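Here is a short report on one structure.

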Amino acid sequence: MKQLNNKDFIDFLSSFKDEYYCPVSEISRAKTGRKQILIENNFKMLSFDDMCKKYDLIKNNLPKTMDAIHFEVDENDKLTLYLIEFKNFSIENTKSTYQEIEALHKNLEKKNTRRIDPYSDEKIISNNFVIRFSRIKDHFIDSIEFDLRMKPLESILVSLPWLYKEYCKAEKIAEKDIRKFLDSIDIRLVVFINRYAPRRNVSADRLSAHRIDNALKNQYHRLFLSGVIADDNECILSRDRFSYFIKKEKLTEIF
C-alpha cells in the first residue's frame, strides 16, 4: 500500500471544510449544561468531533476524539498537525476529585471507630463498608482525566485512520497508508481549559491538589518520549492564552 502524502492528507481534510470548518467560538461551546463558550475567537478550525459523525459507522461507534484539528505546511513542505481540545475545566488551587474522595475515605474511617451507642458492638460505619470503599478509591480515575488521556490516542490511532477509510469508500478513492503518514509528521497536542495556575514548585500540596494536572503532564510526556507527539512543553493552556498560541505557532486559517 502506498503511503499517504501531504496533498492526499490535505485533500482528505478539505472534503470536510464545507460542513465542519467553523470558528473556535462554536467548536469550544460546551455540549451540555449551559453550553458556555470557552473561547470567544473567530479563528476557524475543523470541528473534529463533528467530522467523526459524518459517517454512520463511526457515528454509531464514536471514538473519544479531540475537539478540533488544524494543520500547517511550512516553506519546506513540512506538515504539522494540531489536535486541540477545549475543556471548561479549571486547575487553580482548588481541591481535585482525588482530594475529595480521600477526605471522604478518612471521614468513613473515623466513623468506623464509633459505635451506634455505648452498649452496642455495631459500628456507625462497618468494617466491610470501609474496605469496599477503599477498593473503589484505589481504582478511581477522574472522568476528565480519563477523557484527556484517551482522546489524543483515539484521535491518532482510531479516529483519523477510520475517518480516512470511510472517506475513501465514499469518494471511491484508492486507500493509502495513513498510519505511516501520521508517524512521519509532527503532531502537536494542545488542551485549553478554563483556568490553569499550577504552582511552580512541585510540593506535596501540589501533588494532591493538582493530581489531574500531574497525571496529564506525565501522560503527554510519555507520548512525546515515544514519538507520538512532537512537543509536550505547553500542552495545557488556559483559555486566555489562545491568541498567544495562535501567534506563537504562526497559525493561519487553512481554507
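## The largest pocket

The lining of the largest pocket divides into eight nonpolar, five polar and 10 charged residues. Here Ala, Val, Leu, Ile, Met, Phe, Trp, Tyr, Cys and Pro count as nonpolar, Asp, Glu, Lys and Arg as charged, and the others, Gly among them, as polar. A pocket is an open set of points on a 1 Å grid over the protein atoms alone, where a 1.4 Å probe fits, with protein on both sides within 12 Å along at least five of seven lines; lining residues have an atom within 4 Å of a point.

This is a predicted model: local features need pLDDT of at least 70, side-chain atom pairs count only at pLDDT 80 or more, and totals for chains, interfaces and linings use all residues. Residues are numbered from 1 along each chain as its sequence is written, and side-chain values use heavy atoms, without hydrogens and water.

The largest pocket holds about 450 Å³ of space. A volume is the space filled by probe spheres set on the grid points, which are joined across faces, edges and corners. In total, 23 residues line the largest pocket. Lys 31, Asp 49, Asp 67, Lys 87 and Lys 151 lie nearest its centre. Strand S4 (79-91) and helix H8 (143-171) each give at least two lining residues. S4 has the largest share, with five. Helices (H or I, at least four residues) and strands (E, at least two) are DSSP runs, numbered from the N terminus.

## Asp 49

Asp 49 sits in helix H4 (residues 48-51). Its relative accessibility is 17%, so Asp 49 counts as buried (under 20% relative accessible area; exposed is over 50%, partly exposed in between, with a 1.4 Å probe and protein chains only). Beyond its neighbours within four places in sequence, Asp 49 is in contact with Thr 65, Met 66 and Asp 67 (heavy atoms within 4.5 Å).

## The second largest pocket

The second largest pocket has a volume of about 240 Å³. Its lining includes Glu 72, Asp 74, Tyr 82, Arg 188 and Lys 250. Strand S3 (68-73), S4 and strand S5 (186-196) each give two or more residues to this lining. By class, the lining has two nonpolar, one polar and eight charged residues.

## Helix H7

Which residues of H7 are buried? They are Val 130, Phe 133, Ser 134 and Lys 137. These four cover an arc of only 110° around the axis, so they lie on the same side of H7 (the arc is that of the directions from the helix axis to the C-beta atoms). The buried residues of H7 pack against helix H6 (97-111). Arg 135, Ile 136 and His 139 are exposed on the other side of H7.
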